Amino acid sequence: MIFRIDTASDEPLFEQLVSRVRLGIARGELRAGERLPPARELGTALDMNVHTVLHAYQVLRDEGLIELRRGRGAVVTGPAKADLSAVERALETLVQAAREARLSPEATTTLLKEAMKR
Amino acid sequence: MTHTLADVWKPRARRVTAWSALAGLAILLAGLAIALSWRAELPDQVASHWGPGGAPDEFMPVEAFAGVMLGTGALCIAVLGAIGLLLGRSASTLRLAAGLTVWISGMLSAMTLISLSAQRGLADAAQTPFSGSDLVLAMLVPAVPGVVAALLVPRDRAVPAEAAVPADALRLGLSQDERAVWFARATGGSGLVVGGGAIALTTVIAVVTGTWALLAVPALLLPATVATFVFVVRVDTEGLTVRSALGWPGTHVPADEVVRADVVDVHPLRQFGGWGWRVGLAGQVGVVLRGGQGLRVEQTGGRSLVVTVDDARDAAALLNTMAERARTPGR
C-alpha cells in the first residue's frame, strides 16, 4: 500500500497517516493480519520523525484498527472492507463540480469538512 | 568505447567467470592429487557409496572414484560458468555463480577426501565406517570460501539513466510537497509449503532413524526457506528495495537507475524455471514467489528485476514518479 503525506497541508502529519491507514483498511488494501511497516522504516522513508509515526499507530490502536505487539510490530485487526463505491461515485461528481466552479482542492476539502461537521 | 551500453556487463562477467572457474578447478585438482597420493594405503576397490544402514554398498578403484569427482565437478563448473557468461548482467547473478562454483568444488573435494581418509590402511573397504557429522562438515566448511568468492565479485557500478522516463510509463499524481512510500510483503505459498514439508519430513526421518546428524538439514532449511520465500518490498525516494524477511539476501535499484517500471504477468516455470531468487533466460533477476501479477523494473546497463507482488500497479507508478524526481536536480 502507498503511504503518502502532504507537507503543504494544514492537517498534522500523524493525522494524515492515520487517515491513509483507515482508508487502506476500508478499501481492502490492508487486510486483517497484515503488518504495517516498522515505525522507524516508515519514518525514514517519509522523512519524518519516528515518534510522529508511533503517534499515528497509537491513535489507530485506540480506534481498534491495529494491534501493537512487541516484536511483531503493528498488525491490522480492523473491520473487514466496507463498500465505498457509493462514496467514490459521489466524490467523482463532487470533484467535477469543484473543477467547474474553479475551487482549489484545499477549498473543496474545507467545504467537505464543514459539511461533515454539521 | 567499443562496448554499447547494453554490453557493459560483459567484461566483468568474463573476469568473474574466469577466476571462479580456475579456483574451482584448482580445488578439484588439489583434492584429486591428495586422493591419489594415498593410493598405496587404500584397498584395491574403495567404497564409493553408502547404503541407508551406513554400510558401503558400491565399490570402485580409487582412480575411478577420483575421476567421477573430477568429472562431476567439471560439469558443475561448466554449467555455472555458462550462467555467469551468458546471464551475469547483475552482480547478484555473478555472486551466485562464483559462490556456487567454489562451494560445490570444495564440497566434492572434501567428500572424496573424507570418505577416502577413513579407508586408509583398511584391507577391505566393506568395513569403512560412515560418519554423518563428517558429511555435514564436508558440506558446510566449503561454504566459507564460497561466500568469500561471492563477496569478491565487484558490486554494480552506478549507471544513472540519461533518458527521461517514457511518457507511456505509469505515473502517480504526486505534488511537489508530497512524500510517498509503497510497502508490500511478497510471499510464496507453494515455496513455503514445499520448504515446510521438507523440514517436517527430514525431522521425522532423523528422529525415527536416530540419525541425529541429519537434523542439521531442517536446521539449515528453516532459515533458508524464510530467506528465500518471504520478502519485504519498498519503493521510496531511494528507489526499489527488495529484502528477505531475514535481512539477507536483498537487492536495491536506485531511483536514478530506473529506466522504467511496469506491471507484468509472471509465469515462474516458463520465464524463470522455478520459484525463489531466480535468473531468467534473458538475464533478468527474479524474486519469483508465485505466478501472476508482478513488478518489473528495467534498470540501466541492460539489467532488469522482476518481483511478484500484489498491488504492482501502485508500485510501478510510484517508482516511475520517483525515477522522474531523481532525474530533476534540486527536487
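Into which domains is chain A divided? I found domain 1 (13-76) and domain 2 (85-117), with bounds that come from an automatic or database domain assignment. I then looked up their separation, and the C-alpha centres of domain 1 and domain 2 of chain A lie 27 Å apart.

I note that this is a predicted model, in which local features need pLDDT of at least 70 and side-chain atom pairs count only at pLDDT 80 or more, while totals for chains, interfaces and linings use all residues. Residues are numbered from 1 along each chain as its sequence is written, and chains are lettered from A and ligands numbered from 1 in the order in which they are written.

**Contact of chains A and B**

I counted as contacts the residue pairs whose C-beta atoms, placed from the backbone, lie within 7 Å; 14 residues of chain A and 13 residues of chain B take part. On the side of chain A that touches chain B, β1 (2-6) and α2 (39-45) are the elements that give two or more residues, and β1(A) supplies the largest share, five residues. (Helices, H or I of at least four residues, and strands, E of at least two, are DSSP runs numbered from the N terminus.)

I also followed β1(A) across to strand β3 (residues 178-187) of chain B, with which β1(A) pairs in the antiparallel sense over five bridges; strands pair if DSSP finds at least two bridges between them. Within this pairing, A:Ile2 has B:Trp182 as its bridge partner.

**Helices of chain B**

I next looked at helix α2 (residues 62-87) and helix α3 (residues 91-117) of chain B, whose axes come within 9 Å and cross at roughly 175 degrees. Axes here are lines fitted to C-alpha atoms, for helices over the stretch in contact, with angles from 0 to 180 degrees between N-to-C directions. That crossing makes α2(B) roughly antiparallel to α3(B), the term for angles over 145 degrees. Among the residues that meet are B:Phe65, B:Met69 and B:Leu80 in α2(B), and B:Leu94, B:Ile104 and B:Leu108 in α3(B).

For helix α6 (residues 189-209) of chain B I checked the length: its 21 residues at 1.5 Å a residue should span 30 Å, and the end C-alpha atoms are 30 Å apart, which agrees. The expected span is 1.5 Å times one less than the number of residues. After α6(B) comes B:Gly210, with a positive phi near 70 degrees.

**Sheet of chain B**

I traced an open sheet of five strands in the order β7-β10-β11-β9-β8 (chain B), with mixed pairing; its edge strands are β7 (258-266) and β8 (276-279). Strands β9 (residues 285-288) and β11 (residues 303-307) of chain B run parallel, joined by three bridges, and B:Val285 has B:Leu305 as its bridge partner in β11(B).

Notes
Two residues are in contact if their C-beta atoms, placed from the backbone, lie within 7 Å. Angles under 35 degrees count as roughly parallel, over 145 as roughly antiparallel, 65 to 115 as roughly perpendicular and the rest as oblique.
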